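Please have the sequence and the structure open while I talk.

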Amino acid sequence: MKELRRNMRMVGVLLLCLFLGMGGWFGWSAYTQGTRWMSSGNNTRLNSARKDVTMGTITDRSGLTLAYSDINGERCYAADADVRWAMAQTVGDTLSMSGTGVETMHAGILLGFSGSIIDRTWQWLSGEETRGDDIRLTVDAELSAYIADQFPEGYNGAVALVNYQTGEILAMVSMPSYEPYKAGSRDVAESAYLNRCLQGKYTPGSVFKIVTMAAALENKTGVTQRIYTCEGSRLYGDVAVTCAGDTEHGDLTMQEAFTKSCNVTFAALSYELGGTEMIRQSEAFGFNDNFTFPDLVLYESSYPKDIGSIAELAWSGVGQARVLVTPLHMAMIAGCIGNGGVMMQPLLIDQVTGSTGIPRLRASGGVYAKPVSESTARTIGQYMKAAVEDGTGSRAAIDGYTVCGKTGSAEISNDKSVETHAWFVGYLEEKEHPYAIAVVVEQGGSGGDKAARLAGKALKKAIELVD
Amino acid sequence: MTTKRMDLSAMKKAVRRSDAKLPGTLIILFQVSAMLLLTFRTNPIDQQALLLAFAMPLTTILITKAFTSFWKIDRIVLHMVLFLCSVSVVTLTAIARSSVTPMNQVIFIGAGVVAMAAGVIFIRALRHWRRWTIPLMGLSLILIALPIFIGDWKYGAKNWIEIGSGDNTLLSLQPSEFVKVMLLIVLASCLSARQSKLQTMAAVVFGAALCMILLVERDLGALVLYFLATMILYFLATSNVLITAAGLGAGAAGAVGAYYLFDYVRQRVAIWQNPWIDPDDKGYQIIQALIAIGSGGWSGMGLGLGHPRNIPLYHSDFIYAAICEEFGFVFALLLLAVYAIIVMKGISIAMSARNRFHALLAFGVVTMLGLQTLLIVGGNIRLIPLTGVVLPFVASGGSSMVSSMGAIGLLLGISSINADADAEDILRAEWQEGNPV
């Protein structure tokens, strides 16, 4: 009997753990994915609700209306055509063509599904028409419109601008864009619906050197003191890693290798660190994570888990091979360096207000990860500062402010027949303007040119506009 | 002397502690408010709901009074089960397409209460359980194999028998639900004989034979339950970690084997892994369930205000998702807690049982119940692949309701036997105290 009781206690505890585990898992998945499940296109409730509920209003951070329902229940968008154009994928449209738009992703809030009991009772008591909740976004519409206007004519790409201390997304522009009133019509190209900031998986190229640098600083001592000799190329197996434009950098300090973006040096670092360490560090930055942020759908960035050859390992250190990243994630990485190694969870929704006018309590974003130590972040920050002051990123500099950044020119073909994607990622050092940015111009050539120039302009405008 | 007195008062306290009135009151509050809400939801008012608003509390009081005055049963378990039954009737009234479904459920619950009383009487009267083993084994083998010969395929499994045919079907039964209880009695009886290797082996072989037949019938849910219950009870009785681990390993190997051998298993797993690939056909059910859960949010859409009817089998296999939509996620979690309380209460009954048979049986009843809950809720929320078991006491369906209530009857009976034995102990202690030797 005694033994039986002991066994029963054991199995009983196991059963209880199973119940707790399932409850916990259920809570976690419902909390992180509930909105996503609900906003699925297969949810017929939304369509029927759209008929009898007045959808809530979407405004930008300064209160400018981005979408609202008029007296007849018709959905209307921002009055200014430029704002409509710049914000199209962020706000979304009535047909859910831009699936990650707030109109679709947060339809539940706008239709009052997740409304509080207080709001529902209020509506019932006051005899008001059934109305969904209003959403105020963290983005600044004017800033977005400016960035869209300044985006190089005739190019595609994306710009993500975030506050690296809070995680708020201040601008999210994806080119080409579309007119929300024309969503679904033949005039709009299919690719315009894609929000490249969230859904565009790009080869990062040299901007990934931030991650490689972090891996080296976190693992090896005295990396900053090293001198590398670049002979323009180096063989890994039978594959050569070459520097852009076949430049021979000669003898380089670590900082020079970073500011001049020397591929040979960083390939050597990646090779020296090895696959395990590179995977660990990039995953600490959020690579290979199936992001489940409550405010937005951010596609997964990837660093190859199954590196096949030393050539692939070497090339991955300079952000080539099979490394892929989304622009918003890249802005988060740059912001993490600016924020002393602390990466914030991205926020898109500033406030939700029900019909009572009382803002709904929302869980603040908080810290997403701490991928590097403060000293590592400080060192990389110095290098990024130097890269803008006296390196590849000089065109991003702003008078009177300190821009820290890294350029990238990502090869997307093996034979250089296609122009490289131009990247610039960086941040403002001034803590009163804690903005981080990622710019990608598809086939825009060298990152130091179009991308860096646009990043400088966007950051300058952000300083002027965002309070 | 003093130590003895303390023992006595502690014992008396323990007996009194199980006599709580609050849960009963809360259940009645739930029944009345929910049913009145549903009554005035429609115009003209829902008369059946109005009737139930009065009938349900009355029945609850009646059942509690009857059971507790006849036997010293565990009130908490009884109340929790009655609460789950109320949730069932309320939910079905709110979501079912016609008023027939909740009314049928009320009838099933009625039959279940009779089964519960029968369970209590049976286990209290049962003295020579060994004698029942062989006949029960035979009966369960016949019952479980019956659908192979006279059953029909239903939802991809052949585990139903129908009496009458076509539109004149009088009764459709799921034998595996009833055999479940028999299996528990047989296992407890065989395994309680500690010394006999032969009997313990017989128990395992019997469990395995049932599993084989269930495999032929493709009743995966019941198969998993039978298997786990057999293994767990075997471990409890023998403490033989090696053989238990080997058995679980064999089960795991069997699961992997089944994955490669049978298309329908592979398909279930594929749907579970990524339902979004085919949201309109194969993944439709689970996706609609997830959408329902997401739409309900924290506080739910409100009774009768959701659209859980989008989910195929919303009233049986997917009632948990429907509850999530109607009542909200917080309520659904608390519902899980109710099951956990029944399980914990059952385990404590098993711990205080006076003999191995009762201990094993009580533990088996709640293990089966708990595992069944975990399996179906896990399937509803896409934690594990879906298996066709129903949520005990809540999902619509007669076989499951009657057999689960019968099993709870056994548990309640054992709790009353324990209470009687405790009372005897107290009497004896008092007598000794009054008349020191």
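Let me begin with A:Gln443, which counts as partly exposed because its relative accessibility is 40%, where buried means under 20% relative accessible area, exposed means over 50%, and partly exposed is what lies in between, using a 1.4 Å probe and the protein chains only. A:Gln443 is found in the loop between strand E16 (435–441) and helix H16 (450–465) of chain A, and its phi is near 50°, a positive value in a residue other than glycine. The helices (H or I, at least four residues) and strands (E, at least two) that I name are DSSP runs, numbered from the N terminus.

Before I go on, please keep in mind that this is a predicted model, in which local features need pLDDT of at least 70 and side-chain atom pairs count only at pLDDT 80 or more, while totals for chains, interfaces and linings use all residues. Residues are numbered from 1 along each chain as its sequence is written, chains are lettered from A and ligands numbered from 1 in the order in which they are written, and side-chain values use heavy atoms, with hydrogens and water left out.

B:Arg218 sits in the loop between helix H8 (197–217) and helix H9 (220–238) of chain B, and with a relative accessible area of 35% it is partly exposed. A further backbone feature, back in chain A, is the cis peptide bond from A:Met175 to A:Pro176, with omega near 0°; A:Pro176 lies in the loop between strand E6 (169–175) and helix H8 (196–199) of chain A.

Now to the interior of chain A. Helix H9 (residues 209–219) of chain A is mostly covered, with 9 of its 11 residues buried, and among the buried ones are A:Ile210, A:Val211, A:Met213 and A:Leu217. What does A:Thr379 touch, leaving aside its neighbours within four places in sequence? A:Thr379 is in contact with A:Leu217 and A:Thr224, contact meaning heavy atoms within 4.5 Å. A:Thr379 itself belongs to helix H15 (residues 374–390) of chain A, and it counts as buried because its relative accessibility is 17%.

A search of the whole structure finds 22 salt bridges over all chains, a salt bridge being a side-chain nitrogen of Lys or Arg within 4 Å of a carboxyl oxygen of Asp or Glu. In one of them A:Lys385 pairs with A:Glu429, the closest N and O atoms being 3.4 Å apart. This pair links distant parts of the chain, since A:Lys385 is in helix H15 of chain A and A:Glu429 is in the loop between strand E15 (421–428) and E16 of chain A, 44 residues apart. A:Lys385 is partly exposed at 25% relative accessibility, and A:Glu429 is partly exposed at 31%.

In chain B, the side chains of B:Asp74 and B:Lys345 meet in a salt bridge (3.6 Å, N to O). Here too distant parts of the chain are linked, with B:Asp74 in the loop between helix H3 (47–70) and helix H4 (75–95) of chain B and B:Lys345 in helix H14 of chain B, 271 residues apart. Is B:Asp74 buried or exposed? At 9% relative accessibility, B:Asp74 counts as buried, whereas B:Lys345 is partly exposed, with a relative accessible area of 25%.

Salt bridges that share partners join B:Arg354, B:Asp422, B:Glu424, B:Asp425 and B:Arg428 into one network.

Helix H16 (residues 398–434) of chain B also holds B:Gly398, which counts as buried because its relative accessibility is 17%. B:Gly398 and B:Cys85 are 313 residues apart in sequence and 12 Å apart in space, C-alpha to C-alpha.
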